[in-house]
Amino acid sequence: LIGGGSGVLSKHPELRMPVKRIAIVLIGISLAAGISLVVLYALPLWVIVLLLFGNLLGWFYSAPPLRFSERGWGEACYVFAAGFLEPAVGHMAARHTLDARGLYFLAPLMMYALVSILNAEIPDLEADHAGGKHNWIERWGRSFGFRVSGALLLAASFYFFLIPLLFPGASIDGRVLGLLSLIPALAGLAGL
């Protein structure tokens, strides 16, 4: 793997330029896909703004001068990009709008995104500490990460069970989603 505390780019600096070029190509593909969605499916122009913002957020997650991951903003960036932007743009592509049907899924998806980034940070504790990253796990330890992840997985499951109460008339049965969401929640609790 390249990234995620693996140290590959530090050990093999000759890979930095190819990795940078690949990242720039992927950003270009992302923006081209967004422009295609706007043109072909008459999505609002601000979809491109969201995609540009998401790509900049991803770039500056670790790139200078902002380096969000080193300044304690890594989790917030990841949750916003993976838990909000990606599903919101996907919902808009499918429904041509970001309506209540899409919004009521964003809260649990943001919880899952936070669990995802915490679980990526847990094995990298020592590398992140040595590399100067200031993330939640580096600050508060692995045990904190496991407890927060377990609590978030349970909260997401609980949220799904509450969908019929929070959003009367919702077209999705939250109880079914709640039962399915217990699978990762129980797996996370078993790991805890």
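The following is a set of questions and answers on a predicted model.

Visitor: What conventions apply to the numbering and to the values?
Guide: Residues are numbered from 1 along each chain as its sequence is written, and side-chain values use heavy atoms, with hydrogens and water left out. As this is a predicted model, local features need pLDDT of at least 70, totals for chains, interfaces and linings use all residues, and side-chain atom pairs count only at pLDDT 80 or more.

Visitor: How many helices and strands does the chain have?
Guide: Helices (H or I, at least four residues) and strands (E, at least two) are DSSP runs, numbered from the N terminus. Along the sequence the pattern reads α-α-α-α-α-α-α-α-α. The C-alpha trace spans about 55 × 45 × 25 Å along its principal axes. The count is 9 helices and 0 strands.

Visitor: What percentage of the 192 residues count as buried?
Guide: Buried means under 20% relative accessible area, exposed over 50%, and partly exposed in between (1.4 Å probe, protein chains only). Of the 192 residues of the chain, the buried share is 31%.

Visitor: Of the contacts with a separation of 6 or more, what percentage is between residues 24 or more positions apart?
Guide: Contact means heavy atoms within 4.5 Å. Among contacts in the chain with a separation of 6 or more, residues 24 or more positions apart account for 53%.

Visitor: Is helix 5 roughly parallel or roughly antiparallel to helix 8?
Guide: The axes of helix 5 (residues 100-121) and helix 8 (residues 142-166) come within 9 Å and cross at roughly 165°. Axes are lines fitted to C-alpha atoms, for helices over the stretch in contact, and angles run from 0 to 180 degrees between N-to-C directions. Angles under 35 degrees count as roughly parallel, over 145 as roughly antiparallel, 65 to 115 as roughly perpendicular and the rest as oblique. Helix 5 is therefore, relative to helix 8, roughly antiparallel.

Visitor: Is the crossing of helix 4 and helix 5 left-handed or right-handed?
Guide: Helix 4 and helix 5 pack at about 145°, with axes 8 Å apart. A crossing is left-handed if the near helix is turned anticlockwise from the far one by less than a right angle, and right-handed if clockwise. The crossing of helix 5 and helix 8 is left-handed, whereas helix 4 passes helix 5 in a crossing that is right-handed.

Visitor: How many charged residues does the contact of helix 4 with helix 5 have?
Guide: The contact includes Glu75 and Arg95 of helix 4 and Arg101 and Glu121 of helix 5. By class it has 13 nonpolar and 4 polar residues, and the charged ones number 4.

Visitor: Which residues do ring pairs link into a cluster?
Guide: Rings of Phe, Tyr and Trp (its six-membered ring) pair if their centres lie within 6.5 Å; planes under 30 degrees apart count as stacked, over 60 as edge-to-face and the rest as tilted. Phenylalanine 53 in helix 3 (residues 46-59) and phenylalanine 80 in helix 4 (residues 74-95) are edge-to-face, 5.6 Å centre to centre with 80° between the planes. Phenylalanine 80 and phenylalanine 84 have centres 5.3 Å apart and planes at 20°, so that pair is stacked. The cluster is Phe53, Phe80 and Phe84.

Visitor: Which residues does the cis peptide bond join?
Guide: Most peptide bonds are trans. Here a bond with omega of about 5° is cis, and proline 65 lies in the loop between helix 3 and helix 4. The bond joins proline 64 and proline 65.

Visitor: Is alanine 42, with its positive phi, buried or exposed?
Guide: Alanine 42 has phi near 55°, a positive value in a residue other than glycine, and is found in the loop between helix 2 (16-41) and helix 3. Because its relative accessibility is 65%, alanine 42 counts as exposed.

Terms used: Nonpolar A, V, L, I, M, F, W, Y, C, P; charged D, E, K, R; others polar.
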